[in-house]
Amino acid sequence: MEDRFLMGSPDTMPPALDRAVLEALFAMGDETLRAALGAQLEADFARLRAVFDHGTPYEVGRAAHELKGLAATVGAARLADMARSVDAVAQGLSAVALAAVTAPLKAEISAVLVSLAEVVADTPRP
Amino acid sequence: MSSKPDSETILLVEDTPSLQMIYRAALMRAGYAVECCGTAAEGMAAFHRLNSQIVLLDLMLPDRTGLEVMEDILREAPQTCVIVITANGSINKAVEMMRAGAHEFLVKPFDDQRLLAAIENARKALRHRPQAPRDVSAVPVLAPFIGHSPTMLEVYDKIRSVARSMATVFITGESGTGKELCAEAVHQTSARAGGPFVALNCGAIPVDLLESEVFGHLRGSFTGAINDKIGAAAAADGGTLFLDEICEMDLNLQTKLLRFLQTSTITPVGATKPRKVNVRIICATNRNPLEEVRRGRFREDLYYRLHVVPVHLPPLRERGEDVIEISERLIVQMAREEGHVFTSLAPRVKELFRSLPWPGNVRQLINVLRNVVVLNEGPQVTVEMLPPDLLADRPTLAPAPEERPRVTMQDLSGRTLAQIERIVIEDALARHGDSVPKAARELDVSASTLYRKREAWEKADRKK
């Protein structure tokens, strides 16, 4: 994700994660929820990213379906859109094509994980 | 397993652990007890243990589909409110779930307010359900309908099934088959029976006024808006809004209706802030709605939003002995109202009634019976008492529709312009099976014009 910025993505590119949405979710509980939910989100995104590394087209489709709901809920709108696209096509693709369509998805998950870690630690981006 | 669930604990079946945590946190903050499961097997085990009244169920689970799980739950405990959770793009599946008996569905992402509103709706529905489950199958006829034909028994069953959910009902059927009666039956059988039932005929209101009729307006928002007006949607808050002749709705207003269905908010004409309303929608048409979509006259997205549970009312000619049962019941009732005594139909009348095509369906039958009761003393309805134009409808005697005698210049000579207008309109209505929209299209006037004229004639006739 950082590479994309270095390669000339516009400065106006929206953040991977809408901090306000995530903060609203954390605000439903205390610090314990913040820590537990932060850790669980990290684990879920990492688990789904792993499926995109090694999964069959069926598994990738299922993971993309799960990811679109999860990403939309936590304010990762761009990731949700990308997951929706992959969900729609995954099961008809060859391994090569699948790798091509999931590569940007995996990169976006990484970007979301970076933003997530920042919000959980309450260290906003400068 | 008891037939009625009893636990206050909400059962959440969702396979994504973080979403489980989020939904659970929202529910617990609102004071609900929640039990979470990640698979269908765990969910069913918890359901057996808890007897939960409300189940939040994800559509895609790792071991089974949400539909299969819901079918098992409702088979064991039909009173359970199952709220389906689905990701974007699974709307068709959600529709399938609603048809199978889901109480409501939530599309991800949704906020905690939406989630809590769904739970509250389910709790209200549970409160309004009878304490002891009724054996509805033992009472096959659903009042105020009359008739035991197999097609109508299916309709009654469907109305009872759909009444317990919030699903939108789309009623189709020829003119005069009882679409408004059906809508009222759904409302009266539902948990919203204590709320208002507001019916609006989209074909009877001029296009320019329809938006204001549905959503209301503020004083001064347009010429003639001398006072604030509450629209039908707001008037139906907490109850049911019945939109009859929905296919007559202008395309622009269809867009606004779609937005209303998506957001449950209304913005009266001239207002700047939307207002939340809690309304169940039932709509009806005598056209083929899918054909209207194909012709570009009805929005496809609105069609799929509305066409969640279709109920088709059969024409009277396909209801077998119902025509006799309805006649015998109504003739006694009408005779009492008119101070006459009628007790039965003569065998020849029964035979005739069974063979007639009844293009105006039950409405036409009611008019015929009223005519007989008003003009005759009884006690038995004979063929001689029937209006002569009814006999012309007999298949053996009546010409085919295309050969039906048309109004000629001779029929019109010596009459006033108003009389001629009435003759022409009634001729068009007769040729279109009493369908106002179809007659209006042929005459190139709005359906609302014909509805108004017909109402005026009926008033004038009553005064005579």
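Predicted model: local features only at pLDDT ≥ 70, side-chain atom pairs only at ≥ 80, totals over all residues.
**View 1. Chain B as a whole.**
Chain B holds 20 helices and 14 strands; helices (H or I, at least four residues) and strands (E, at least two) are DSSP runs, numbered from the N terminus. It has 464 residues, and 39% of them count as buried. Here, buried is 20 or more other C-beta atoms within 10 Å of a residue's own, exposed is 12 or fewer, and partly exposed is in between, with C-beta atoms placed from the backbone. Look at contacts in chain B with a separation of 6 or more, and 69% of them come from residues 24 or more positions apart. Two residues are in contact if their C-beta atoms, placed from the backbone, lie within 7 Å.

**View 2. The sheet with strand order 2-1-3-4-5 in chain B.**
This open sheet has five strands, and the pairing is parallel; two strands pair if DSSP finds at least two bridges between them. Strand 2 (34-37) and strand 5 (104-108) of chain B sit at the edges with a single partner strand each, so one side of each has no neighbour in the sheet. From one strand to the next, the twist averages 20 degrees.

**View 3. Strand 3 of chain B and its partners.**
Strand 1 (residues 10-13) of chain B runs parallel to strand 3 (residues 54-58) of chain B, and three bridges pair them. Across that pairing, B:Val13 has B:Leu57 as its bridge partner, and B:Leu11 stands opposite B:Val55. Strand 3 of chain B also pairs with strand 4 (residues 81-87) of chain B, again in the parallel sense, over five bridges.
Five of the five residues of strand 3 of chain B are buried, so the strand is largely enclosed by the rest of the structure. In a regular strand the side chains alternate between the two faces of the sheet. Here B:Ile54, B:Leu56 and B:Asp58 point one way, while B:Val55 and B:Leu57 point the other way.

**View 4. Helix 2 against helix 3 in chain B.**
Two packed helices are described by the angle between their axes and the distance between the axes. For helix 2 (residues 40-50) and helix 3 (residues 66-76) of chain B, the angle is about 15 degrees and the axes are 11 Å apart. Axes are lines fitted to C-alpha atoms, for helices over the stretch in contact, and angles run from 0 to 180 degrees between N-to-C directions. The two helices of chain B are therefore roughly parallel to each other (under 35 degrees; over 145 is roughly antiparallel, 65 to 115 roughly perpendicular and the rest oblique). Their crossing is right-handed, meaning that the near helix is turned clockwise from the far one by less than a right angle.
Helix 2 of chain B brings B:Ala40, B:Gly43, B:Met44 and B:Phe47 to the contact, and helix 3 of chain B brings B:Val69, B:Asp72 and B:Ile73. Sorted by class, that makes five nonpolar, one polar and one charged residues. Ala, Val, Leu, Ile, Met, Phe, Trp, Tyr, Cys and Pro count as nonpolar, Asp, Glu, Lys and Arg as charged, and the others, Gly among them, as polar.

**View 5. The loop at B:Ala100.**
B:Ala100 lies in the loop between helix 4 (91-99) and strand 5 of chain B. With 17 other C-beta atoms within 10 Å, B:Ala100 is partly exposed. Leaving out residues up to four places away in sequence, B:Ala100 touches B:Leu67, B:Met70 and B:Glu71.

**View 6. The sheet with strand order 7-8-11-6-12 in chain B.**
Five strands form this open sheet, with parallel pairing. Its edges are strand 7 (197-201) and strand 12 (309-313) of chain B, each with a single partner strand, so one side of each is left without a neighbour in the sheet. Inside the sheet, strand 8 (residues 240-244) and strand 11 (residues 280-285) of chain B run parallel and are joined by four bridges. B:Phe242 stands opposite B:Ile282 in strand 11 of chain B.

**View 7. Where chain A meets chain B.**
Chain A gives 18 residues to the contact and chain B gives 16 residues. On the side of chain A, helix 3 (31-54), helix 4 (57-74) and helix 5 (77-89) are the elements that give two or more residues. Helix 4 of chain A has the largest share, seven residues.

Methods: Residues numbered from 1 in each chain as written. Chains lettered and ligands numbered in written order.
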